[in-house]
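Subject: Structure handover and notes

Hello,

Here is the structure I promised to pass on. Please open it first, then read the notes below.

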Amino acid sequence: MEMDRERFEELVGEALDEVPEELLGLMSNVVILVEDESPPGEPELLGLYEGHALTQRGWDYAGVLPDRILIYRGPILRLCEDEDEVVEEVAVTVVHEIAHHFGIDDERLHDLGWA
C-alpha cells in the first residue's frame, strides 16, 4: 500500500478526532508525531509511547520534556492492503499508544482487543 505522508497524517488526525474529548482533556505533556520508519531493530513496530505514564508521575514530575507518541507510517502501510485497512490500523495504533500514556500495559490492551 502506498500513501503520501500528508494523507497519512490526516488519518492520524482523524483517529484523534474519534477519541472522546473527555479522554483527550486528561492527557498531559504529550505530543503525537508521525515518523516514516520505526527504530532500527524494530522494523514492524507500528507505534511507540516514550515517556512517563500518568500513573507513574509523582510529586517530583516537573520540568520534563513532553512524552511522545510515535506512529510509524512505513510499517503500517506495509501491513495494509488498502486505505480502509490503513484507516483501521491507524485508529487502533493511536488508541493503543494513548492507552500507554494512561498506564495501560500491552497485556491489558490485548485483553481489551486493542493489541
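Leucine 33 has leucine 70, in strand E3, as its bridge partner. Helices (H or I, at least four residues) and strands (E, at least two) are DSSP runs, numbered from the N terminus. This is a predicted model: local features need pLDDT of at least 70, side-chain atom pairs count only at pLDDT 80 or more, and totals for chains, interfaces and linings use all residues. Residues are numbered from 1 along each chain as its sequence is written, and side-chain values use heavy atoms, with hydrogens and water left out.

**The sheet**

Three strands form an open sheet, in the order E1-E3-E2, with mixed pairing. E1 and E2 are the edge strands, and each pairs on one side only. Two strands count as paired if DSSP finds at least two bridges between them. Direction ignored, neighbouring strands of this sheet are turned by 15° against each other on average.

Strands of a sheet pair through backbone hydrogen bonds, either parallel or antiparallel. E1 (residues 30-35) and E3 run parallel, joined by six bridges. Isoleucine 32 has isoleucine 69 in E3 as its bridge partner. E2 (residues 47-50) and E3 run antiparallel, joined by four bridges. Here glutamate 50 is partnered by arginine 68 of E3. Leucine 48 stands opposite leucine 70 in E3.

How covered is strand E3? Mostly: five of the six residues in E3 (residues 67-72) are buried. Buried means under 20% relative accessible area, exposed over 50%, and partly exposed in between (1.4 Å probe, protein chains only).

**The core**

The largest nonpolar core has 21 residues. Such a core is a set of buried Ala, Val, Leu, Ile, Met, Phe, Trp, Tyr and Cys residues joined through side-chain atoms within 4.5 Å. The residues with the most contacts inside this core are Phe8, Val12, Ile76, Val86, Val90, Val94 and Ile98. H1, E3, helix H3 (73-79) and H4 each give two or more residues to the core. H1 gives the most, with five.

Look at isoleucine 76 next. Leaving aside neighbours within four places in sequence, isoleucine 76 is in contact (heavy atoms within 4.5 Å) with Phe8, Leu46, Ile71, Val86, Glu89, Val90 and Thr93. Threonine 93 sits in helix H4 (residues 83-101). Is threonine 93 buried or exposed? Threonine 93 is buried, at a relative accessible area of 4%. Not counting residues up to four places away in sequence, threonine 93 touches Leu46, Gly47, Ile71 and Ile76.

Arginine 73 lies in helix H3. Arginine 73 counts as buried because its relative accessibility is 18%. The contacts of arginine 73, leaving aside neighbours within four places in sequence, are Met3, Asp4, Arg5, Phe8, Val34, Glu35 and Asp36. The C-alpha atoms of arginine 73 and glutamate 2 are separated by 9.9 Å, though the two are 71 residues apart along the chain.

Asparagine 29 is in the loop between helix H2 (21-26) and E1. Its phi is near 55°, a positive value in a residue other than glycine. Most residues other than glycine have a negative phi, and most peptide bonds are trans. Asparagine 29 counts as partly exposed, at 29% relative accessibility.

**The largest pocket**

How much space lies in the largest pocket? About 230 Å³. The search ran on a 1 Å grid over the protein atoms alone; a pocket is an open set of points where a 1.4 Å probe fits, with protein on both sides within 12 Å along at least five of seven lines, and lining residues have an atom within 4 Å of a point. Grid points are joined across faces, edges and corners, and the volume is the space filled by probe spheres set on the points.

The pocket is lined by 15 residues, and the closest to its centre are Gly47, His96, Glu97, His100 and Asp106. E2 and H4 each give two or more residues to the lining. H4 gives the most, with six.

Best wishes

Notes: Axes are lines fitted to C-alpha atoms, for helices over the stretch in contact, and angles run from 0 to 180 degrees between N-to-C directions.
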